[in-house]
Amino acid sequence: MAQLSRAVGIVLRTQNHAETDRIAVLLTSTQGRLDVLAKGARRLERQSGAALDVSNLVEVIYYRRRGLALLKDVDLRQAFPCIKGELPRLETALAGLAWAMRLVPKGQPDPGPFRLTLAFLESLDRGALPGPLKLGYELRLLSLSGHAPHLEGCLRCGGEEGLTWSPQEGGFLCRACGGEGEPLSPKLVRTLQGLARLPFPALGRLQVDEALLGKMEGLLLEFREAQLSR
Ligand SMILES: [Zn+2]
């Protein structure tokens with residue numbers, strides 16, 4: 001019998017495999033992303049419900065064979081029913097988990113991203129405002145991944161005037177220091193700084209208008225991709 005291992009993780013994504021199998025990507029507390037293959041999962045789910053649903057917190061027992069982690073048992077720890085009961089919350093959770101999928105590598109022993117993602121899902125499940133919470137989560141995940149944007153004034157001179165967004169340079173860059181394009185509104189600059197600083201419970205109560213949220217979401221996405229391609 002192969003040696004059994006155990007892990008606690010959040011289901012980031014699932015994908016059908018062969019006739020009745022499923023591959024689940026977990027964000028674990030001890031080894032970053034972990035892909036587990038659940039043999040016969042789709043057949044079993046018809047009888048016993050789907051423990052491996054996206055955003056669930058699960059405990060898995062698995063063994064390795066030819067480099068694959070094969071699921072032996074799965075235990076549902078937390079299902080976040082309020083997230084699943086409300087479409088905007090579910091969409092926010094899925095968008096957040098896609099960030100973890102992109103930023104957390106396989107085999108990473110740091111438990112930080114797991115703890116952060118769990119706190120994000122718990123806040124979302126308890127009724128936090130989805131938009132600000134998600135941006136706060138993304139900013140923290142960037143920091144934990146070593147890609148924190150520089151948000152305290154211009155990254156070269158520290159100035160507060162005429163700040164533009166420079167994903168390549170790593171954050172705010174003023175026009176005098178070579179920042180290109182339209183300067184960002186002072187309101188956007190302050191809000192982004194607040195989102196990076198406020199703790200989760202407070203973040204989930206922050207009222208930010210939709211247009212500003214959309215704009216900041218675009219800036220962070222652009223930033224993430226620029227940082228990952230460096
Ligand atoms: Zn400057």
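Reply: Gladly! Helices (H or I, at least four residues) and strands (E, at least two) are DSSP runs, numbered from the N terminus. The model here is a predicted one, where local features need pLDDT of at least 70, side-chain atom pairs count only at pLDDT 80 or more, and totals for chains, interfaces and linings use all residues. Residues are numbered from 1 along each chain as its sequence is written.

Me: What does the secondary structure of the chain come to?

Reply: There are eight helices and seven strands in the chain. A box of roughly 65 × 35 × 30 Å, taken along the principal axes, is filled by its C-alpha atoms.

Me: How many bridges pair β1 with β4?

Reply: Seven, and the two strands are antiparallel. Two places to look for in β4 are I61, the bridge partner of R6, and Y62, which has S5 opposite. β4 in turn is joined to β5 by nine bridges, also antiparallel. In that pair, E59 has D75 in β5 as its bridge partner.

Me: Which residues in the hairpin turns have a positive phi?

Reply: Start with the hairpin of β1 and β2, where three residues lie between the strands and A18 in the turn has a positive phi of about 50°. In the hairpin of β4 and β5, two residues lie between the strands, and R66 in the turn has a positive phi of about 45°. R66 is not a glycine. Another non-glycine with a positive phi is F80, at about 50°, in the loop between β5 and α2.

Me: Are R66 and F80 buried or exposed?

Reply: We count other C-beta atoms, placed from the backbone, within 10 Å of a residue's own: 20 or more means buried, 12 or fewer means exposed, and in between is partly exposed. R66 counts as exposed because it has 5 C-beta neighbours inside 10 Å. F80 is buried, because 20 other C-beta atoms lie within 10 Å.

Me: Which residues have the most contacts inside the largest nonpolar core?

Reply: In soluble globular proteins, nonpolar side chains tend to be buried together. A nonpolar core is a set of buried Ala, Val, Leu, Ile, Met, Phe, Trp, Tyr and Cys residues joined through C-beta atoms within 7 Å. The largest one here has 44 residues, and those with the most contacts inside it are I10, L12, L26, V36 and L52. This core takes at least three residues from each of domain 1 (4-78) and domain 2 (128-228). Another core, of six residues, lies apart from it and includes L163, W165, F172 and C174.

Me: What does L52 touch?

Reply: Contact means that two C-beta atoms, placed from the backbone, lie within 7 Å. Not counting residues up to four places away in sequence, L52 touches V11, T14, R22, A24, A38, A41, V58 and V74. For the chain, take contacts between residues at least 6 apart in sequence: 53% of them join residues at least 24 apart.

Me: Into which domains is the chain divided?

Reply: Domain bounds come from an automatic or database domain assignment. That assignment gives domain 1 (4-78) and domain 2 (128-228). Their C-alpha centres lie 35 Å apart.

Terms used:
Two strands pair if DSSP finds at least two bridges between them.
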